[in-house]
Amino acid sequence: MPGYAPQFYTLIEGKAASTNVLPELNLDFQIPIYFIKNAGNRFYIRIEGTNSLNPALPVFLTDLKTQTMHDLTSSPAYSFSGAYGDDPLRFILHFNNTTGISVNNFERHIPIEITYYHQELHVYNPESRTGQVNLINLTGQRIASFELNGDMHQIHSLNCNITPGYYIAQLKGTYFLFSMKILLW
């Protein structure tokens, strides 16, 4: 009910829905989640029942506003703040399979995060590293490249003709080289 509680929903055929029955989760699967705040400023999301899911499919929540990813399987509550005027498309709920690179492993080696939103790669670079980001398709062809310029929050627009699917984001600099699988949709 708008005005009393925050609005937290997904879209099914263009209509807001608080509940969504999903098919079997056997591949990387992403669900856009919309959030509109009420009079409050601090909120949290808590997930229950992950023990009944396949342990090879951990549940992650990406906060598009803060460009952070939270592992809901190992830590089932996520706290966040909201402000009037925030984009309602706030979160992506996704289930990663074991063929991907572990987010926790990635964060231990180099604290750079890459997410994709509205034909743009968003790079969160808290250590202001410089180098290069290459976007590589699964046949090994480099389809996009740009400089990692040291900005903490760097955004790079991609060509809208990129086919949705899995890609490898390769980050390389003087003292690091790392790759991660991402889904462009």
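Biologist: Which residues does Leu 135 touch, leaving aside those up to four places away in sequence?
Modeller: Contact means that heavy atoms lie within 4.5 Å. By that rule, Leu 135 touches Gln 141, Arg 142, Ile 143, Ala 144, Leu 158, Ile 162, Tyr 167, Ile 168, Ile 182 and Leu 184, with residues up to four places away in sequence not counted. Before we go on, this is a predicted model, where local features need pLDDT of at least 70 and side-chain atom pairs count only at pLDDT 80 or more, while totals for chains, interfaces and linings use all residues. Residues are numbered from 1 along each chain as its sequence is written, and side-chain values use heavy atoms, leaving out hydrogens and water.

Biologist: Which residues touch the most other members of the largest nonpolar core?
Modeller: A nonpolar core is a set of buried Ala, Val, Leu, Ile, Met, Phe, Trp, Tyr and Cys residues joined through side-chain atoms within 4.5 Å. Buried means under 20% relative accessible area, exposed means over 50%, and partly exposed is in between (1.4 Å probe, protein chains only). Here the largest core has 20 residues, and Ile 114, Leu 121, Leu 135, Leu 158, Ile 182 and Leu 184 touch the most other members. Strands S9 (113-117), S10 (120-124), S11 (130-137), S12 (142-149), S14 (165-172) and S15 (177-184) each supply at least two residues of this core. The largest share, 4 residues, comes from S15. There is also a second, separate core of 13 residues, which includes Phe 43, Val 59, Tyr 78 and Phe 91.

Biologist: What are those strand labels, and how many bridges join S11 to S12?
Modeller: Strands (E, at least two residues) and helices (H or I, at least four) are DSSP runs, numbered from the N terminus. Two strands pair if DSSP finds at least two bridges between them. S11 and S12 run antiparallel and are joined by 7 bridges; one of the pairings is Thr 130 with Asn 149 in S12. The two strands form a hairpin with 4 residues between them, and Gly 140 in the turn has a positive phi of about 95°.

Biologist: Is Thr 62 buried or exposed?
Modeller: Thr 62, in strand S5, counts as buried at 5% relative accessibility. Among the residues that Thr 62 touches are Thr 68, Met 69, Phe 91 and Thr 115.

Biologist: How many salt bridges does a search of the whole structure find?
Modeller: A salt bridge is a side-chain nitrogen of Lys or Arg within 4 Å of a carboxyl oxygen of Asp or Glu. The search finds 5. In one of them, Lys 65 and Asp 86 meet at 3.1 Å, N to O. Lys 65 lies in the loop between S5 (59-63) and S6 (68-71), and Asp 86 in the loop between S7 (77-81) and S8 (89-95), so the pair ties together parts that are 21 residues apart in sequence. Lys 65 is partly exposed at 43%, and Asp 86 is partly exposed at 24%. Asp 63, Lys 65, Asp 86 and Arg 90 are linked in a network of salt bridges.

Biologist: Where is confidence lowest in the protein chain?
Modeller: pLDDT is the predictor's confidence in each residue, from 0 to 100. The chain's mean is 77, and 82% of its residues reach 70 or more. Confidence is lowest in helix H1 (residues 103-109), at a mean of 41, and highest in S7, at 93. Over residues 97-109 the pLDDT is below 50. Where pLDDT is low, the predicted coordinates should not be read in detail.
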